[in-house]
Amino acid sequence: IRFFYHKDHLSNAVRWNTLEDLKSYKIGGVIGYWYQTDFAKAGLNVEYTTHPEQSIKKLQTGRIQLFPVNDLVGWYLVEKHFADSKNRFGTLEKPYDMVSVYLMVSKSYPNSERLLKQFDAMFHKIKESGEYQNILKKHKIAD
């Protein structure tokens, strides 16, 4: 999860170590997301919306300066709404949070063990082939 910004309204020179370092920026957020408590404790100036799309649009207009969102989701929304100017968006170098992603399959699901083994084998295959790195690079995600 990284802080997205729009280059017309903020430079990528923003450096931060703790959330308190971001007090001087107007930050976007989504109501009900896990970071609300952290942002409140840090005393951040946050403008909440009901959907991430609204916050990406606010970045583009300059109503907010930073918006924390999963890399894939953020770049998907930028591509969807601002494909012609996607190079005007960026992410701060330091991630806000690193979250692992897992595939979960219920043990009661038919052939769940076989499904997980197949998934693991194919995932290993795409990593070995270099395709995984290409996907990460395409979506601007660090491994």
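How far apart are the mean positions of the positive and negative charges of the protein? In this predicted model, the mean positions of the 21 positive and 16 negative charges are 2 Å apart, with Lys and Arg counted as positive, Asp and Glu as negative, and His and the chain ends not counted. Each charge is placed at NZ of Lys, CZ of Arg, CG of Asp or CD of Glu.

Residues are numbered from 1 along each chain as its sequence is written, and side-chain values use heavy atoms, without hydrogens and water. Because the model is predicted, local features need pLDDT of at least 70 and side-chain atom pairs count only at pLDDT 80 or more, whereas totals for chains, interfaces and linings use all residues.

The protein contains 5 helices and 5 strands, defined as DSSP runs (H or I, at least four residues; E, at least two) numbered from the N terminus. Their order along the sequence is β-β-α-β-α-β-α-β-α-α.

The structure holds 7 salt bridges, each a side-chain nitrogen of Lys or Arg within 4 Å of a carboxyl oxygen of Asp or Glu. Lys 58 is buried at 13% relative accessibility, and Glu 47 is buried at 16%; buried denotes under 20% relative accessible area, exposed over 50%, and partly exposed in between (1.4 Å probe, protein chains only). Glu 47 also meets Arg 63 in a salt bridge (2.9 Å, N to O). A network of salt bridges links Lys 26, Glu 47, Lys 58 and Arg 63.
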